[in-house]
Structure formats: C-alpha cells, structure tokens
Amino acid sequence: REKCPISQRYLDLIESCKDGDDFEFPYEEVMADDELKDSYYNARYIAIAEAYPKYLELLEENNYMDFTLMQKKLLDLLDNDSSIAKHSRFKNILIDEFQDTDPIQMRIFDHFLGNYGHETCSSNGYDGNFQTFTVVGDDDQSIYSFRGSNSNFFTNFKDNYNAEVVTLETNYRSG
C-alpha cells in the first residue's frame, strides 16, 4: 500500500457518495483531479491484489481451474515426473502463435523437447518419441506481453533448439 497510496481526500469523497440507497461513483470528478485519479487507480490495483488470493481459494474449494492454474499444475506434474512427457501418446506437436509463449508454457515445451536436455531437435525427434515438433508464429504479431509472453522465445527458437526455419513468403489468408 505504501507504493500505491490512496489519499484521504479520495476516501472521504467515496464515503460521501455512500449516503442514501444509491451509490453513484463520481467518475468525472475523480478523473478531473490528478490526486483523486491516482488514488482511484491505486485503490483498484489494491482491490484486485487483495481479491486474487480469494479467487484462488474459490477455485480450489470448487475444484475449478482457470487457464493459468491448468498450466501451472501441468508444469508441476512434468517437473515431478519427467517420464510423462517422454511417454506422451502424441507423436507430432504443433504450437501456433508461438510468439505469444509465456515462461510457464516455455518450460512445458522444454519438457516435451527433452526435459531440458535439448541439444538438437531433428526431424526424427528425440528418443524416438516425436516425429515432428513444429512452432509457427510471427514476432511482429506478438500481443500478449501484458500476460507475460515473450516473443524472444520465438525469435531465439532456431538458435536455442538447432531448428530448421521455413519462412512462408506468400500470404494466402488476406490480400
């Protein structure tokens, strides 16, 4: 809270809006004043941060998973038992929009590429398990950095995995 201060003036203004049965947020008044606007954004960030542990608790209580938790649980499984990736029933893996890969996804992919021991990624796969491992993407179209994706995973893929690059020069989707 020290890094996201909420002014007493803002708290007093919000409190004054609670009078009566109807609460109408004074959005225009808040946005017109820099101190109130900063306090408004700080209050929102704090509320979200405080709500997140409750959100995770509700997911757990109801045996639900969101996308991030699903990825985290898969990574935990792979970290605890490397044979899961090695004995996958999938022989060909294709990952589209690879430029929007985040660190958790990259660690999952590393498990499937040889449990972090990837010296090469040949067309025959590793340990005879995969026939092909293909990634597709365009680093100019990376749009998920706000959720942690890093287009460097894509741009460095060739060097990091000794992979063959096939560049598609013709756009068949749009003119």
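## Overview

A salt bridge is counted here when a side-chain nitrogen of Lys or Arg lies within 4 Å of a carboxyl oxygen of Asp or Glu. The model is a predicted one, and a search of the whole structure finds seven salt bridges.

## Pairs between lysine and glutamate

Within helix H3, which spans residues 34-61, glutamate 57 and lysine 54 are three residues apart and therefore separated by about one helical turn. Their side chains meet in a salt bridge with an N to O distance of 3.3 Å. Both partners count as partly exposed, glutamate 57 at 39% relative accessibility and lysine 54 at 42%.

Another pair joins lysine 18 to glutamate 15, with 3.7 Å between the closest N and O atoms. Here glutamate 15 counts as partly exposed, its relative accessibility being 47%.

## A pair between two loops

Aspartate 102 and arginine 147 form a salt bridge in which the closest N and O atoms are 3.1 Å apart. Aspartate 102 lies in the loop between strand S1 (92-95) and helix H6 (103-112), whereas arginine 147 lies in the loop between strand S2 (132-135) and helix H7 (152-155), so the pair ties together parts that are 45 residues apart in sequence.

Aspartate 102 counts as buried because its relative accessibility is 8%, and buried means under 20%. Arginine 147, at 34% relative accessibility, counts as partly exposed.

Definitions and conventions. Residues are numbered from 1 along each chain as its sequence is written. This is a predicted model: local features need pLDDT of at least 70, side-chain atom pairs count only at pLDDT 80 or more; totals for chains, interfaces and linings use all residues. Side-chain values use heavy atoms; hydrogens and water are left out. Buried means under 20% relative accessible area, exposed over 50%, partly exposed in between (1.4 Å probe, protein chains only). Helices (H or I, at least four residues) and strands (E, at least two) are DSSP runs, numbered from the N terminus.
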